[in-house]
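Biologist: Hello! I am new to this one. Could you show it to me and talk me through it?

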Amino acid sequence: MLTLHQFEISPFCDKIRRILHWKKQPYTVREVPLRDAMSVRKVNPSGKLPCLEDDGRFIADSTDIAYYLEEKFPDPPLVPRDPKLRALCHFFEDWADESLYFYEMRLRFTVDHNARRNLPLLTAHDPPWMKRLARLVVPRMMRGTLGKQGLGRKSLTQIVKDVERHVDALADWLGDSDWLVGDALSLADISVFAELACIRSSDEGGRVIAARPAVARWMARVDDATAAAAGR
Ligand SMILES: N[C@@H](CCC(=O)N[C@@H](CS)C(=O)NCC(=O)O)C(=O)O
């Protein structure tokens with residue numbers, strides 16, 4: 001049996017739930033409340049989630065989990081067989097994981113009106129004392145991380161402009177296509193969707209995506225194909 005160790009609102013955990021759903025694999029969830037975040041090191045020394053447990057074996061990092069699942073359950077495929085399309089799929093996934101991720105973090109947790117909505121979701125599985133502590137500590141911690149990464153030093157106006165450029169590029173790339181890579185849903189679609197869904201849940205990101213109907217339609221298409229994952 002597969003067990004997904006997760007933080008429910010993490011886009012990387014959403015990505016893995018959607019992959020499991022796409023591949024029609026049953027699984028159970030071990031939700032890690034924020035107060036137990038240190039316990040993650042027992043399953044993944046880096047302290048990050050998602051981590052997938054498969055019969056006593058632990059696979060960490062959403063990319064490694066995705067390729068593990070692709071090898072174990074090849075049908076329906078998630079990664080294109082054609083080398084050029086496979087490379088493109090990898091580039092999209094890396095863009096989502098290593099660039100878009102920081103925009104969603106910046107928007108959801110360091111912009112006050114969005115943080116007020118998202119902090120209760122982050123601590124949904126925690127006792128009241130942890131909810132109170134998180135309200136004080138989490139935005140500060142995220143500002144620290146984003147300050148070092150760089151996006152934390154940009155104004156909200158600059159961040160929104162960057163997001164508009166990213167979403168415009170996505171719209172241009174999609175054109176009349178249903179999917180990002182080739183003619184079928186792939187890991188590229190799921191990875192980009194998972195980050196954009198978080199960006200869309202911020203007021204600013206929601207407006208950017210609503211103004212680009214082709215991207216909104218593509219998001220609905222990916223959601224239809226991969227939603228209903230447990231724990232969401
Ligand atoms: N590259 C990793 C990133 C995972 C990641 O950053 N997860 C965050 C939650 S969104 C986390 O566990 N953060 C806890 C920490 O950094 O201590 C992946 O693809 O799984």
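Modeller: Gladly! One definition before we start: helices and strands here are DSSP runs, numbered from the N terminus. Please keep in mind that this is a predicted model.

Biologist: Thanks! In the hairpin of strand 3 and strand 4, which residue takes a positive phi?

Modeller: Strand 3 covers residues 51-54, and strand 4 covers residues 57-60. Four bridges join these two strands, which run antiparallel. The hairpin has two residues between the strands, and the one with a positive phi, near 50 degrees, is aspartate 55.

Biologist: Are helix 1 and helix 2 roughly parallel or roughly antiparallel?

Modeller: Helix 1 is residues 11-22 and helix 2 is residues 62-72; their axes come within 10 Å and cross at roughly 5 degrees. Angles under 35 degrees count as roughly parallel. Therefore helix 1 and helix 2 are roughly parallel.

Biologist: How many nonpolar residues are in the contact of helix 1 with helix 2?

Modeller: Helix 1 brings Phe12, Lys15, Ile16 and Ile19, while helix 2 brings Ser62, Ile65, Ala66 and Leu69. By class, one residue is polar and one is charged, and the number that are nonpolar is six.

Biologist: And how many charged residues are in the shell around the ligand?

Modeller: The residues around the ligand include Phe7, Lys48, Asp61 and Asp97. Four residues of the shell are nonpolar and four are polar, and the charged ones number three.

Note on methods
Residues are numbered from 1 along each chain as its sequence is written. This is a predicted model: local features need pLDDT of at least 70, side-chain atom pairs count only at pLDDT 80 or more; totals for chains, interfaces and linings use all residues. A residue is near a molecule or strand if its C-beta atom, placed from the backbone, lies within 6 Å of it. Ala, Val, Leu, Ile, Met, Phe, Trp, Tyr, Cys and Pro count as nonpolar, Asp, Glu, Lys and Arg as charged, and the others, Gly among them, as polar. Two strands pair if DSSP finds at least two bridges between them. Axes are lines fitted to C-alpha atoms, for helices over the stretch in contact, and angles run from 0 to 180 degrees between N-to-C directions. Angles under 35 degrees count as roughly parallel, over 145 as roughly antiparallel, 65 to 115 as roughly perpendicular and the rest as oblique. Two residues are in contact if their C-beta atoms, placed from the backbone, lie within 7 Å.
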